[in-house]
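Student: I would like to learn how to read the features of a protein model. Please take them one at a time.

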Amino acid sequence: MSNPTNVSIIPLGGLGEFGMNAMLVECGGDMILIDIGMTPSRRFGIDMALPDIGYLIERREQLRGIVLTHGHEDHIGSLWHVLKHAPAPVYGTDLTLELAKNRLKEWGVLADADLNVIDADDRLEFGNIACDFLRVSHSFPNTLAAVLRTPIGTILHTSDFKLGGPLDADQFDAAGFALLGEEGILALLSDSTNTESPGFSPPESSVRPQLTEIFRSSRRRIIASTFASSLRRIQQLIDLAAEFGRQIAVAGRSMVNNTRAASELGHLWLPSNATIDLRRAKELPPDEVMVLMTGSQGEPFSALSMMADGSYGRFRIEKGDSVILSARVIPGCEKDVARVVDNLYRLGADVYYSGNCDGLHASGHGYREDLRMMIQLTRPRYFIPIHGDYRQLHQHALLAEESGVSPQHIHVIENGDRLEISEERCEVVEKVRAGRVLVDGQMLERLDEIVLRDRRQLSEDGMAIAILVRCQETGEPLAEPEIVSRGFVYMDESEELVNQAKAVALEALKAMPPEERAHKEAAQEAVRVALRRYFSKNTDRRPVILPVVLDV
């Protein structure tokens, strides 16, 4: 049995993958969860992927609180899922919780949520774990690093961060991190997202010159798209619209909700005398309008995507309009973004995006020198890279070694690894349940891998339906089977294949012992297996086989 003062670090998401950040910390029977994010999914009808929280649910009575470091979806997007199965008090800054409320309301768990506003000066007590905070610079206002005080030492979770720049109202607290280094850091858990990028992360102000030039040269409407939670970028776009005398319209549910919440809380300046309804934007001279919207990742139902394909009835993009995609393309969304850009060009728009225009985006994550500075400031005994694909975690580990951390004290772990830290050692002691929960529409439960496999198979090889009519009493077939293809073969050009498939299905039914043939389920399975073998051998494809046995 583990010593009750030992600390366990258990990532449930975000390590070895992009998004879904979720980190469990356990000590002496007390457990806290730092962030609980999601990641969008575009495959086989899946809407989003959430961390599998089965391990947490089994120990929900130990969960003392949920700490949200900031309000990006990859850090708060699965909060509703946790509160549904393992309710606990939630702590975050005012804007973080305000954005989280939208998700909780959408999934019907807001009424029972225990939400508590904190700032960087607060301390939270969770039994054997106390939590202090330090401000870090990021693309979301008031992002916090979590400083975990445990019986065996201090563990620092950086959250997402970079060193910052002049547009970051909440500057990176270098003095606070240096002080932690003087006190002694047991373990540093540090963001790895941009560890492959050399130098320092450019400040948010670096995008201003390119955006300014686009505003200066545009003679018609400007349609600007970015992440709805990238409030630093949104503020720059609003400032430029005001500077160039353009009225501002906001489109897209998340963009409308986020800008309203940030404005009401004082985190975003949105001039009331220059804000108009989208319908009003159609009536103004084209050079007096900027439309701010979602859709920078090519999301199929986002405002920009629907405008690009002409299905957004309230507003149309016209020839000569300028469209700006000011955001990093999330891995996996490249094809969707390309589709939207192509459609925008078809409409005659002037499109500015990462493929043809540099300087439209400044990452909120630190580059290699930012990450090196964090290590040098805090001088941890143990180093654990977090937030990133495995190659990024690996590169961050090499950087830590370059920066003076002993190789024996660097641990690259993945989701489900239980890393136990004691006063004498730090090692992975077991693998716990971890993975993905795939959400399909409004389905709240786990979408089984079998369903996903069938969707993948249908998309690649189609379906073949075999319809057989038999005598209810004897089980003897009464007519030739019918074969129907959907996405498998073109029936008019596959007569020989289909006729032989009919014979295979009929023979499979006749070959069954009478006592087995009487059971419909057994008959259907025999036909399915026979046709699967036949089609695989003769077409090198494996369609989904759906046998239908009708008794008369």
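The dialogue below goes through sheet, helices, cores and salt bridges.

Student: What should I know before starting?

Tutor: This is a predicted model, in which local features need pLDDT of at least 70 and side-chain atom pairs count only at pLDDT 80 or more, while totals for chains, interfaces and linings use all residues. Residues are numbered from 1 along each chain as its sequence is written, and side-chain values use heavy atoms, with hydrogens and water left out.

Student: How do I read a sheet, and what is the strand order of the open sheet of 8 strands here?

Tutor: Strands of a sheet pair through backbone hydrogen bonds, either parallel or antiparallel. Helices (H or I, at least four residues) and strands (E, at least two) are DSSP runs, numbered from the N terminus. Two strands pair if DSSP finds at least two bridges between them. In this model an open sheet of 8 strands runs in the order S8-S7-S6-S3-S2-S1-S21-S22, and its pairing is mixed. Strand S8 (115–117) and S22 are the edge strands, each pairing on one side only. On average, neighbouring strands of this sheet are turned by 25° against each other, direction ignored.

Student: In which sense do strand S1 and strand S2 pair?

Tutor: Strand S1 (residues 7–13) and strand S2 (residues 22–27) are antiparallel, with 6 bridges. Val7 has Cys27 in S2 as its bridge partner.

Student: Which strands does helix H4 lie across?

Tutor: Helix H4 (residues 94–106) lies across strand S7 (90–92) and S8, and runs at about 160° to S8. Axes are lines fitted to C-alpha atoms, for helices over the stretch in contact, and angles run from 0 to 180 degrees between N-to-C directions.

Student: How many residues of helix H12 are buried?

Tutor: Buried means under 20% relative accessible area, exposed over 50%, partly exposed in between (1.4 Å probe, protein chains only). In helix H12 (residues 368–378), 8 of the 11 residues are buried; among them are Arg368, Asp370 and Arg372, along with Leu371 and Met374. The buried residues of H12 pack against strand S12 (153–157), helix H5 (174–183), strand S13 (187–191), strand S20 (382–386) and H13. Arg379 follows H12 and has a positive phi, near 45°.

Student: How many residues does the largest nonpolar core have?

Tutor: A nonpolar core is a set of buried Ala, Val, Leu, Ile, Met, Phe, Trp, Tyr and Cys residues joined through side-chain atoms within 4.5 Å. The largest one has 61 residues, and those with the most contacts inside it are Leu33, Ile36, Leu56, Ile66 and Leu79. Helix H7 (residues 231–243) gives the most to this core, with 6 residues. A second, separate core of 33 residues includes Met23, Ala120, Ile413 and Cys426.

Student: What is Ile238 in contact with, and is it buried or exposed?

Tutor: Contact means heavy atoms within 4.5 Å. Ile238 is in helix H7 and is buried, at 0% relative accessibility. Beyond its neighbours within four places in sequence, Ile238 has contacts that include Ile248, Leu268, Trp269 and Met290.

Student: Where is His411?

Tutor: His411 is in the loop between helix H13 (390–402) and strand S21 (417–421), and is buried with a relative accessible area of 14%. A polar atom of the His411 side chain lies 3.2 Å from the backbone oxygen of Cys426.

Student: How many salt bridges does the structure hold?

Tutor: A salt bridge is a side-chain nitrogen of Lys or Arg within 4 Å of a carboxyl oxygen of Asp or Glu. The structure holds 33 of them. In one, Arg433 meets Asp52, with the closest N and O atoms 3.1 Å apart. This pair links distant parts of the chain, 381 residues apart: Arg433 is in the loop between strand S22 (426–431) and strand S23 (436–439), and Asp52 is in the loop between strand S5 (48–51) and helix H1 (54–58). Arg433 is partly exposed at 45% relative accessible area, whereas Asp52 is buried at 4%.

Student: Where do Arg339 and Asp336 lie?

Tutor: An α-helix has 3.6 residues a turn, so residues three or four places apart point the same way. Arg339 and Asp336 both lie in helix H11 (residues 334–346), 3 residues apart, about one turn of the helix. Their side chains form a salt bridge at 3.9 Å, N to O. Arg339 is partly exposed at 30%, and Asp336 is buried at 15%.

Technical notes:
Polar contact = N/O pair within 3.5 Å; in protein donor to acceptor, adjacent residues only side chain to side chain.
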